[in-house]
Amino acid sequence: MERPRVPREARLSRRAVIIGGGLGGLAAALRLRASGWLVRICEAGPRMGGKMNRWSSAGFTFDTGPSLITMPWVFADLFRAAGSRMEDHLQLIPLSPLSKYIYADGTSFTYTSSLPEWFETLARIAPKDAQKEKDGFLRFLELGARLWEVSRRTFMSRSPYDPPGPGDWEVLRHMPLRYGWGNYDATVRAHFSSPYLRQLFNRYPTYVGSSPYRSPATLAVIPYLEFAYGGWYVRGGLYGIVESLVALASERGVELSTGSRVTRIIKSRGRAAGVVLHTGETIPADVVVMNGDAATVPELLGEPAASTTSRSMSGFVMLLGIDRELPELQPHTIFFSADYQREFREICDERHFPTDPTVYVNAPSRLDRSIVPSGCESLFIMANAPARSGQCDDADVSAARERVFARLHKSGFPSLANHIVVEDVWTPRRIEETYLMPGGAIYGTDSHGWRNAFLRPRNKSQVCRGLYHVGGSTHPGGGTPTVLLSAEITCKLIQRHEGS
Ligand SMILES: Cc1cc2nc3c(=O)[nH]c(=O)nc-3n(C[C@H](O)[C@H](O)[C@H](O)COP(=O)(O)OP(=O)(O)OC[C@H]3O[C@@H](n4cnc5c(N)ncnc54)[C@H](O)[C@@H]3O)c2cc1C
């Protein structure tokens, strides 16, 4: 009998199967494919992109996940690694101002990355201490810059378990000895006296789903990166990033399977040898890359669940399409709660939706009229919520909705009564069920304390050879640019340990 002809490339290349087609899975697929691997992505959901997702209804288009990206060069690096150019696919729009902040006492101002403008604002909100606040701000930026200098060449570009390289001692001289090892909130308090500035800069650990009162000061790198390199929107919506990566992946020959939930990782002689889908299909592979939440791996390996580390925060999100324009609304506005400490105590200790939540309102249609019908506005409204630890029923949803609207109302947000044309609500439970992530914890583990912040699940599995992790639940952590960095780190490890 004649044997089936196997293409030469298939005989020479090794096979990688990636569990999950989120941003991390797509980035790993493109990088592995570029270095000669045959790659198949198995995504449980109906489309690629994971939490970077889109919802369209009645002429409105919404991003249901990320609303801004930082560190745009990390995205450009991925396109380059895949043999393309980001600017041929995406139009990035800088956010200026970065955000508007509205406080419970009615104070409001815009936060911009133009230093002269920002200094004018500081003089207005802290007239007696303006010079002190300016100095504090510059020292806070310098702290973030030093932390960035240390982390970009170490933590952000390789596994923390790699042995130190010869350049590390040189890099370590940038490590700020004061504050660098302390608590985030204490560091903010040491740099700012104004309660407005303290609340503003304490918001940044929420970018990685964590409380400022429990996170290490090293997260000061986040406000530095945003101020120094900006925040960015993608014309047409951030889901355009996923569409471009999917198009590139399929052009490059990556096999993309949606509706393909992996129910088991096949382990043979201590090594990952492929996966089994919910349909019973077996897919053999030389390496398995897990893009889904690392906490679900023991179940896929048929092993007892690992001890649970603390989960990052989740979110309560409302997507509203309204039939009026709000020209006075900035694209990004934060309506702060009256008591930030209480809000995080309720989320992280008492584990319930805050009585008075801080509400983030993103109005991408203020930047981009292509995503709404004429005369309309699209609103992405989000409040932090604890990762789900119990049921979430309709009463919980309507209570959370009321609290969000109560905060907006108290802070002077225009009434939306009779203007809502379309609405979709995402709860922690829905996030959990849609993306198969325990608790709907958006960023995997939280960054509370040094261990959680710096020793996340490893990119190369310790329990199974040939198994790797990529995405927000592994090193270096959640948020879109770090997810892309995790793909770079993981693919380097695969090349090192598995060859190509
Ligand atoms: C509401 C919200 C707002 C956000 N805002 C921002 C923001 O403004 N800026 C920013 O940078 N980041 C933001 N993020 C975070 C950002 O979306 C994530 O960090 C990033 O998209 C995660 O990508 P990932 O590849 O790690 O994981 P995911 O996107 O979760 O992808 C993992 C994929 O794996 C699939 N999967 C899991 N298990 C299996 C299985 N067994 N079989 C098959 N498939 C499986 C899932 O279905 C999912 O598609 C936000 C997230 C949310 C939810």
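This is a predicted model: local features need pLDDT of at least 70, side-chain atom pairs count only at pLDDT 80 or more; totals for chains, interfaces and linings use all residues.
How are α2 and α16 oriented to each other: parallel, perpendicular or oblique?

Helix α2 covers residues 23-34, and its axis runs 9 Å from that of α16, at an angle of about 40°. Angles from 65 to 115 degrees would count as roughly perpendicular and those under 35 degrees as roughly parallel. The two helices, α2 and α16, are therefore oblique to each other. The handedness of the crossing, where α2 passes α16, is right-handed. On the α2 side, the contact is made by Leu23, Gly24, Ala27, Ala28, Arg31 and Leu32. On the α16 side, Thr480, Val483, Leu484, Ala487, Glu488, Cys491, Ile494 and Gln495 take part. Sorted by class, the contact of α2 with α16 has nine nonpolar residues, three polar and two charged.

Two of those names come back at the ligand. There are 34 residues around the ligand, and the ones that come nearest are Gly24, Glu43, Lys51, Gly472 and Thr480. Gly24 belongs to the α2 side of the helix contact and Thr480 to the α16 side.

Ala44, by contrast, uses its backbone: one of its backbone N or O atoms lies 3.1 Å from a nitrogen atom of the ligand. Val262 also contributes a polar backbone atom, 2.9 Å from a ligand nitrogen atom.

Next, the pair α5 and α9. Helix α5 spans residues 130-152 and helix α9 residues 221-229; their axes come within 8 Å and cross at roughly 100°. That angle makes α5 roughly perpendicular to α9. From α5, the contact takes in Phe137, Phe140, Leu141, Gly144, Ala145, Leu147, Trp148 and Ser151. From α9, the residues are Val221, Pro223, Tyr224, Leu225, Phe227 and Tyr229. The class count for α5 with α9 is 12 nonpolar, two polar and no charged.

Phe75, Leu78 and Phe79 of α3 meet Ile241, Ser244, Leu245 and Leu248 of α10. Six of the residues in this contact are nonpolar, one is polar and none is charged.

Pro97 sits in the loop between β5 (92-94) and β6 (99-102). Another cis peptide bond goes from His475 to Pro476, with omega near 5°. Pro476 is in the loop between β19 (467-469) and α16 (480-498), which brings us back to the helix I began with.

The last item is Ala58. Ala58 is not a glycine, yet its phi is positive, at about 50°. Ala58 is placed in the loop between β3 (54-57) and β4 (60-63).

Notes: Residues are numbered from 1 along each chain as its sequence is written. Side-chain values use heavy atoms; hydrogens and water are left out. Contact means heavy atoms within 4.5 Å. Helices (H or I, at least four residues) and strands (E, at least two) are DSSP runs, numbered from the N terminus. Ala, Val, Leu, Ile, Met, Phe, Trp, Tyr, Cys and Pro count as nonpolar, Asp, Glu, Lys and Arg as charged, and the others, Gly among them, as polar. A residue is near a molecule or strand if one of its heavy atoms lies within 4 Å of it. A polar contact is a pair of N or O atoms within 3.5 Å; within protein, one must be able to donate a hydrogen and the other to accept it, and residues adjacent in sequence count only if both atoms are side-chain atoms. Axes are lines fitted to C-alpha atoms, for helices over the stretch in contact, and angles run from 0 to 180 degrees between N-to-C directions. Angles under 35 degrees count as roughly parallel, over 145 as roughly antiparallel, 65 to 115 as roughly perpendicular and the rest as oblique. A crossing is left-handed if the near helix is turned anticlockwise from the far one by less than a right angle, and right-handed if clockwise.
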